[in-house]
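Me: Let's go through the aromatic rings in this one. Here is what we'll be looking at.

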Amino acid sequence: LGSRKGFFWVRFADHDLRGGRSQGPPRKMGNSSTKSSDSSCYSGFGGKSRQDPRLHEQLQKQYETKMKAEGLNDAAIAAFQYNLGVLLSGASTMIPESAIGPVDSLPALEGLNVTPDPSLLKETVILKLNGGLGTGMGLDKAKSLLKVTNGFTFLELIAEQVDSMKKEYQTPDLRFMLMNSFSTSKDTLSALAKYPQLGTGSDLEFVQNKAPKVSAKDYTPASHEPDTSHEWCPPGHGDLYPAMLGSGTLDKLLGKGFKYMFVSNSDNLGATMDLKLLTYFVSTGAPFMMEVATRTDADKKGGHLAKDNKTGGLLLRESAQCPDEDEKAFQDVTKYKFFNTNNLWVDLVALKAIFEKHGGSIPLPVMKNGKTVDPRDKKSTKVLQLETAMGAAISCFEGATAIVIPRSRFAPVKTTNDLLALRSDAYTLTEDFRIVLAPERGGVPPNIKLDGRYKFVDAMETIMPEGAPSLIACKSLTLEGEVSLAAGVVFKGAVVVKNTGEGLKTLEAGTYGDDASEEKTVIEL
C-alpha cells in the first residue's frame, strides 16, 4: 500500500481501535497525524504497541502479498490492514462500562408526523446481506435457501417482497441488490434465476471480501497446506462498506444518481422498504440512521446502543466487546433499552466522503474471534479472525441517529430457537410477504430455549413432525431432553418440558401452562 504502510502502524502506536490516544504526544509521519478525529470512530482508551514497528511493516507486507495473490482489491486490503493495525497495536478491543452511558429516549416510527415522499425511491437502493451459510444451524448452503414458512425460503419471500413493493409504490425500477459471499453467490444466483425482474449479474449482486486468518501465536498469516481454503474467513458484515467500494458498486450507484441505501439482513423478513422511514431519514439530514428495537429478556445477550461519554455520539457495543466484569450491566435491559436490528439507512454521498477522508478505509471497531484454522479440527493451529459489524458505523458518521421501530420490522432467524417460533402461530405472513409477530403478542416474541441436541435444523424438525405447536400465548418455552410434540399442543405462559430419562418421549395434544400466571409450568415426561 506504499506510504499507507507507515500510516497504519503509526496510527495504532498511539491509538486503540476506537480512536482514543494513549498517554504521550501524537506523532506524525509525512502528512499523516494521529489525532483521534482522523483515525477512528469511537473515542476509547489507548493501548501501547506490543511489537517493533519494523515487524509491523513486515507483517503487513506479508498480508498484502498474500491478498494480492488471491486477487483481492485495494479496498479489501486497506480494510484488513486497518484491522491488523488494531491487533498489532496491542489495543483493547473492549468497550468498558466506564466509557459509555445509556440512551434514554429516541424518536419512534409510530410517532412520526411525516408525509411520505415517493419520489425518493428513485434515489434509493434496497440491499440485503446474504453472505451467511448457516453453519451454526447445520446447513452447508446459503441460509437464505432454508424454508421458513408456508413452503417459502428466505430468498423467495424477499423476491416476493420486492415485487410487492414495486406494485405498492408504482416504481417498477425500484433498485434491489444483494451482498453475497464467495460461499453463497452461486447457489443464490441459481435460486433467483426464476425472478429475472430483480436483476442479473453486477446489477443484482456484489460479493463480500474474504480475509486471511491470523496465527494467534505470532500474528503471521495462517497456513493450512491440507486445504488452503481454511486460511480465509469472512470479515464480518462490516465488510459491506469496503466491498461496495472495491467492487465499484458504490461509485456505480452514485454515478446513476442513487443517494440513499436501506440495508438489512436476508434472514430478517420484517425489514422491507418503508417510505415513511425513508422520508424521515432524508428530512433529518443525518448521514446514517439505525433502526433499533426495545430490548426484552430475549435480547439481553445481544449488542446494545449506547452513548459515548467522551463525544456524546451514539455507538454500538457487541457482547464480544464487553469486559466480563461489565456483563451484568450489559444484560440490564432497563439500563440499555435499545438494540440494533441491523436495519440501516445510509447516505451514500457521506459514505464516499468517509472513505476519502480515511485513505480508502472506514475505521470500524474491530472484534477478535478465536478459532482453529480448520474449524472441524480443534488440534489445528489456533487463529484469530478479525471481524467488524456494519452497525458499528454509527460511531463513524458525525450526526448519526437512531429510531425505535416496532417488532413487526424485526423477525430474524439466527438459531433453531428462532426458527421454531417463526414457524408457529406467534408469527403471521402478511399480504406483502413480511413475517411479523401476531398482534396478540403485543410486540414481544416468545423466548424459546431448545435442548442442545436440537441445535441443527434437521434435528429441530423431529420435535414437531406434525407441525409447530401453538405459541401465540406463550411467554417462554424450554425443552430439556429428547422430546417430540404431537399435533394439537398449545403452550401458554411460561412452560418447561423435561425428559430426564432415556429415549424419545412425546407430549400429547393439549393445552399446557397458564398465560395469566407468572409461575412456570413444569411438565415431566
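Me: How many aromatic pairs does the count come to?
Reply: Rings of Phe, Tyr and Trp (its six-membered ring) pair if their centres lie within 6.5 Å; planes under 30 degrees apart are stacked, over 60 edge-to-face, and the rest tilted. This is a predicted model, where local features need pLDDT of at least 70, side-chain atom pairs count only at pLDDT 80 or more, and totals for chains, interfaces and linings use all residues. Residues are numbered from 1 along each chain as its sequence is written, and side-chain values use heavy atoms, leaving out hydrogens and water. By the pairing rule, the count is 8.

Me: What kind of aromatic pair do Y260 and F281 form?
Reply: The ring centres of Y260 and F281 are 6.1 Å apart. With 80° between the planes, the pair is edge-to-face.

Me: Which strand and which helix does that pair link?
Reply: Helices (H or I, at least four residues) and strands (E, at least two) are DSSP runs, numbered from the N terminus. Y260 and F281 sit 21 residues apart, so to speak in distant parts of the chain: strand β12 and helix α9.

Me: Is F281 buried or exposed?
Reply: Buried means under 20% relative accessible area, exposed over 50%, partly exposed in between (1.4 Å probe, protein chains only). F281 has 1% relative accessibility, so F281 is buried.

Me: Which residues do ring pairs link into a cluster with Y260?
Reply: Y260 is itself buried, at 12% relative accessibility. Ring pairs link Y260 into a cluster with F262, F281 and W345.
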